[in-house]
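Subject: Structure for your review

Hello,

Please find the structure below. My notes on it follow.

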Amino acid sequence: MAVFVTRRIPAEGLRVLSQAGGFRVQQWDSEEPVPRAELLAGVAGKQGLLCLLSDRIDREVLDAAGGLSTMSVGFDHLALDEIKKRGVRVGYTPDVLTDATAELSVALLLSACRRLPEAVEQVKNGGWTTWKPLWMCGYGLSDSTVGIIGLGRIGQAVARRLKPFGVKKFLYTGSGPKPESGAEFEAEFVSLTRLAEESDFVVVTCALTPATQGMCNKDFFTRMKKTSVFVNTSRGSVVNQEDLYNALAHGQIAAAGLDVTTPEPLPTDHPLLSLKNCVILPHIGSATYATRSTMAVLAAKNLLAGLRGEAMPHELLL
Ligand code: GLV
Ligand code: GLV
């Protein structure tokens with residue numbers, strides 16, 4: 001059998017495929033995304049495809065591909081309706097990136113609320129003249145209310161890490177109450193509106209679906225407190241970026257931290273990048289050496305299991 005891998009991935013993942021026996025591996029061996037034509041040519045005649053979140057897996061690709069495995073927890077780049085219709089089995093990589101992504105979410109939250117990139121810049125450009133009581137002040141987590149949009153694996157791991165900072169109350173919203181998930185933090189299930197109005201920090205960790213697309217919009221940001229901080233480590237399209245820009249530019253909210261944007265990469269002249277109170281990272285939630293290696297291995301194991309008709313370690317259940 002033959003499989004196509006759409007990018008250079010950690011060697012441990014490729015090794016799983018090359019050592020499996022009976023599998024021929026073809027790889028787009030580059031750090032840059034595979035061009036569309038190369039992707040289509042690459043999958044043609046292969047039984048399996050190992051892809052990334054930056055590859056759009058639509059009908060045309062599916063026409064050529066057999067088994068499918070994505071090295072990501074997100075699945076909004078996959079044409080799910082089509083996949084379901086065709087009965088294609090899909091592997092993905094939840095759990096193994098939960099800790100790394102939660103850690104990055106906390107780092108981004110602290111960077112935004114305590115204005116770290118702005119402060120570092122002041123040290124470098126001579127803006128730091130003396131210790132000033134009113135200078136570079138931000139907002140801390142003590143006695144705060146944190147609202148989590150999507151209390152799934154990553155959302156819970158974020159709450160678990162934030163609790164020791166002295167958070168007073170956790171709120172969450174999503175498709176419905178999750179009493180078992182919320183119990184550990186005494187988190188209260190509320191409407192999106194209440195979450196916006198009562199949170200000092202909003203952290204978005206939900207999946208991008210038709211229901212969450214554009215969910216954080218003008219109405220949402222207008223309801224948020226002027227002193228509140230917004231953090232998104234899920235997918236850029238959960239946010240209406242123009243509305244977020246206006247909220248940040250006009251002081252409707254205090255700051256934002258984004259690990260995800262629309263599009264990715266964000267053009268370097270994008271208005272959001274002109275704002276001091278917006279910290280933007282290049283989608284690095286899962287970027288630790290260990291996590292990326294584990295993701296690659298899991299993605300490879302999912303693919304092999306799918307091709308062999310065995311149970312995948314992590315199959316996306318549609
Ligand atoms: C990262 O965003 C992922 O979906 O794995
Ligand atoms: C801060 O450095 C303080 O001494 O208050």
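Helices (H or I, at least four residues) and strands (E, at least two) are DSSP runs numbered from the N terminus, and contact means C-beta atoms, placed from the backbone, within 7 Å.

This is a predicted model: local features need pLDDT of at least 70, side-chain atom pairs count only at pLDDT 80 or more, and totals for chains, interfaces and linings use all residues. Residues are numbered from 1 along each chain as its sequence is written, while chains are lettered from A and ligands numbered from 1 in the order in which they are written.

Helix 11 spans residues 241-249, with Gln241, Leu244, Ala247 and Leu248 buried (20 or more other C-beta atoms within 10 Å of their own). These residues cover an arc of only 120° around the axis, which puts them on the same side of helix 11; the arc is that of the directions from the helix axis to the C-beta atoms. After helix 11 comes Gly251, with a positive phi near 70°.

**Domains**

Domain 1 comprises 2-94 + 289-307, and domain 2 comprises 98-280; these bounds come from an automatic or database domain assignment. Their C-alpha centres are 32 Å apart. In domain 1, 4 residues are in contact with 5 residues of domain 2.

**Ligand 1**

Around ligand 1 (C-beta, placed from the backbone, within 6 Å) are Leu53, Ser72, Val73, Gly74, Leu97, Gly285 and Ser286.

Regards

Conventions. A residue is buried if 20 or more other C-beta atoms lie within 10 Å of its own, exposed if 12 or fewer, and partly exposed in between; C-beta atoms are placed from the backbone. Two residues are in contact if their C-beta atoms, placed from the backbone, lie within 7 Å.
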